[in-house]
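Q: I have a model open on my screen and would like to learn how to read it. Could you take me through a few features, one at a time?

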Amino acid sequence: MFKVIEKEMIVPNLYLLTVQAPDIAEQIQAGQFIILRSHDDAERIPLSVADWNREEGTLTMIFMVVGDSTSRIAGLNVEDFVPTVVGPLGKPTETKKFGTVICIGGCYGIGSIFPVIRALNEKGNKVITILEARSNFLLYWEDKLKSYSEKIIIITRDGSSGQKGHIKRLSKILQEKAIKPDRIFVNGCTFLLSKTSLELSHFKVPIIVSLNPIMIDGTGMCGVCRVTVDGSTKFACVDGPDFDGRVVDWEELLKRRKQYLNEEAVLVHHSGCGR
Amino acid sequence: MGKLDLNRREMPKQPSHIRRRNFNEVALGYTPELAIAEAQRCLQCKKPICIDGCPVEIDIPGFIKCIADGDFAGSIRILKDKNCLPAVCGRVCPQEEQCEELCILNKKGAPVAIGRLERFAAYWETTQDKIEMPEIAPSTGNKVAIIGSGPAGITVAGDLIKLGHEVTMYEALHEPGGVLVYGIPEFRLPKAVVRRELSYIQKLGVKLITNFVVGKTKSVDQLLKKYDVIFIGTGAGLPWFMEIPGENLNGAYSANEYLTRMNLMKGFQFPRSSTPIKKHKNVAVIGGGNVAMDCARTALRLGADNSYIIYRRSEKELPARLEEYENAVEEGVIFHFLTLPIKLIGDENGWLKEIECLRMKLGELDSSGRRRPIPIKGSEFIMPMDAYIVAIGNSPNPIIPETTSGLEIGRRGNIVTDENGKTSKDRVWAGGDIVTGAATVILAMGAGRKAALSMHEYLSK
């Protein structure tokens, strides 16, 4: 059993959860994820890890409530115990000295890209951090990210903070500021990952995206997380979660992520009384 | 001694038209009367060759004699001396090609139903208030880690704890049991049975740590600092696909995914348990082994209109146990022999719609000793299908091979060992599917038995 140390809604619909998991905290590296099960009858949900404390043995995740399982996680309280936290899963993000790197985070990815930024900064890269959100009230952790970044650029769709626009504008912003990346890292929803991979492909550098497909065991056993990369099938849990977004089959991945939408609706309807 | 009794007692089963729509166990087990009658058929051979067919060398005539005499406690004691999973083995061992094949009465076509008797003895024990515990040797102070809590690991754990070693078993999933829990369905092996056998192992003193992925949470090299010896029994955990176009369409699964959703995650209780499993109308399962049968029969129980098995060879080459094949046929699974899927066709939303197949014929014998299937040119045809489940096997899980130093790995990603399960790495043994590739529960247990002996020998030096 794993104890919940902290839980808070950091911006509307995005939650921060810190759990005690000393074995994992000791091993984890940037880019890895865990699988969490909030209750005995709950699904196994993969969550990117946004921070950790090796001394205290804790892991911090930031996640969006999208359906039944994530709302049950969000419903946990400090001092509660969850039956499963397993990891660190997946391969760590490759973080050596590349030169200038762009790190883009949106939604929960603003949190989960933090360890990547920190590691890249520690390896001596010039880190340009880009945060993308619908509006300024959906931004968080700016100070935390700032301390490891050369520069932070904020893009909001309504212009309430930073530059107005969508990720589509990013290419132009980078051009204006004469930023030429040697590598690009993106964390966030599949839509953001796919759009960024398209918009920034002209830089002709790897665009490392952290994929988030449906998973069950997270150790290569079930294969539900399979994704086509550069024409061949990969398992995101053991071969990833990082891949070069320029060669990911996004259309397939977006469709695969929708497999259980109907069932999700059933669950949301069913939950509540007696649970 | 009287005339040979060739009346092999049938084991009661749920009628096929009822069981095809429920998840309860298919076989109901012998009554004490049936068990005694069946046990009395055993000739009690002076040189029992049935034992040669048992990978864990159970004293077969011994436990059967006890049943024949009505001494059920004695029979389970003998069984557990060599086998810590009698309730599991009585159900899922392919006895027809092991002990029962060698039974003298098999020459007359009616071998003693050894598996059913084993199952009976194990069941009888569960009806007792007190479970007899075996003798445990005084503590040796040696520390043993077992990685993977499937049949191989459980056997090593059971053997070494009885010899006085301190045993800790690590499991990556949230429930122990390995393939017994995530793979084999409830209707063939009730999870309550597995849990009972695992609680016995824990009562013997084995420590169990779940939610721990060795190779990720800690490496084998790290564990070696804490333990004297390690056994790796992590199984065949990486599913194969056919590598044909369309396999990533929605509605296409590996058998592992389909069965894990169903068994480990209790998809059949959805939405009471949160992991969904789709109720498909037309389901095609690719492959001809026990796992394929399990998937096709699971699909029927989830309410499929049609559940097909597509197998590239003929009925004669089916690798599944005859009993499971017959059960599947009785329940209404439709078999397409000599058929090979070549392409999956989807709709605009990425859902499987049709499968294109090719007819095959059998040619010369191949290296496996079976006739090679050869495609018949121009025989392509299309079947409407909304689910496709690949059950053609697994390769060994790569996590430990990738993260352990100095471990010799074979061409297929398997761990290489000698005949005693010793790997190339100091103080590390391995056994079961991670060494052999996907095989049976009992073969994994046999490998565990050999490794345990070799580990004990090493520790006793």
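Q: Let's begin with secondary structure. How many helices and strands are there in chain B?

A: Keep in mind that this is a predicted model. Chain B has 17 helices and 16 strands.

Q: How do I judge the overall build of chain B, and what is its radius of gyration?

A: The idea is to set the radius against what the globule rule gives for a chain of that length. For chain B the radius of gyration is 23 Å, close to the 23 Å given by the rule for 461 residues, so chain B is as compact as a globular protein of that length. Along its principal axes, the C-alpha trace of chain B spans about 65 × 60 × 50 Å.

Q: What share of the residues of chain B count as buried?

A: Of its 461 residues, 59% count as buried.

Q: Let me try a single residue. Is Ser395(B) buried or exposed?

A: The cut-off to apply is under 20% relative accessible area for buried. Ser395(B) has 13% relative accessibility, so Ser395(B) counts as buried. Ser395(B) sits in strand β15 (residues 394-395) of chain B. Leaving aside residues up to four places away in sequence, Ser395(B) touches Ala236(B), Gly237(B), Leu238(B), Trp240(B) and Arg412(B).

Q: Now the interface. How much area do chain A and chain B bury between them?

A: Interface size is often given as the accessible area lost when the parts come together. Here chain A and chain B bury about 3,600 Å², with 53% of it on carbon and sulfur atoms. In chain A, the residues that lose the most area to chain B are Met221(A), Arg226(A) and Tyr260(A), together 19% of what that side buries. The contact draws 48 residues from chain A and 43 residues from chain B.

Q: Which element gives the largest share of the side of chain A that touches chain B?

A: That is β7(A), with six residues. By class, the side of chain A that touches chain B has 19 nonpolar, 13 polar and 16 charged residues.

Technical notes
Residues are numbered from 1 along each chain as its sequence is written. Chains are lettered from A and ligands numbered from 1 in the order in which they are written. This is a predicted model: local features need pLDDT of at least 70, side-chain atom pairs count only at pLDDT 80 or more; totals for chains, interfaces and linings use all residues. Side-chain values use heavy atoms; hydrogens and water are left out. Contact means heavy atoms within 4.5 Å. Buried area is the accessible area (1.4 Å probe) that two parts lose on being put together, summed over both. Helices (H or I, at least four residues) and strands (E, at least two) are DSSP runs, numbered from the N terminus. Ala, Val, Leu, Ile, Met, Phe, Trp, Tyr, Cys and Pro count as nonpolar, Asp, Glu, Lys and Arg as charged, and the others, Gly among them, as polar. The radius of gyration is taken over C-alpha atoms; the globule rule is 2.2 Å times the number of residues to the power 0.38. Buried means under 20% relative accessible area, exposed over 50%, partly exposed in between (1.4 Å probe, protein chains only).
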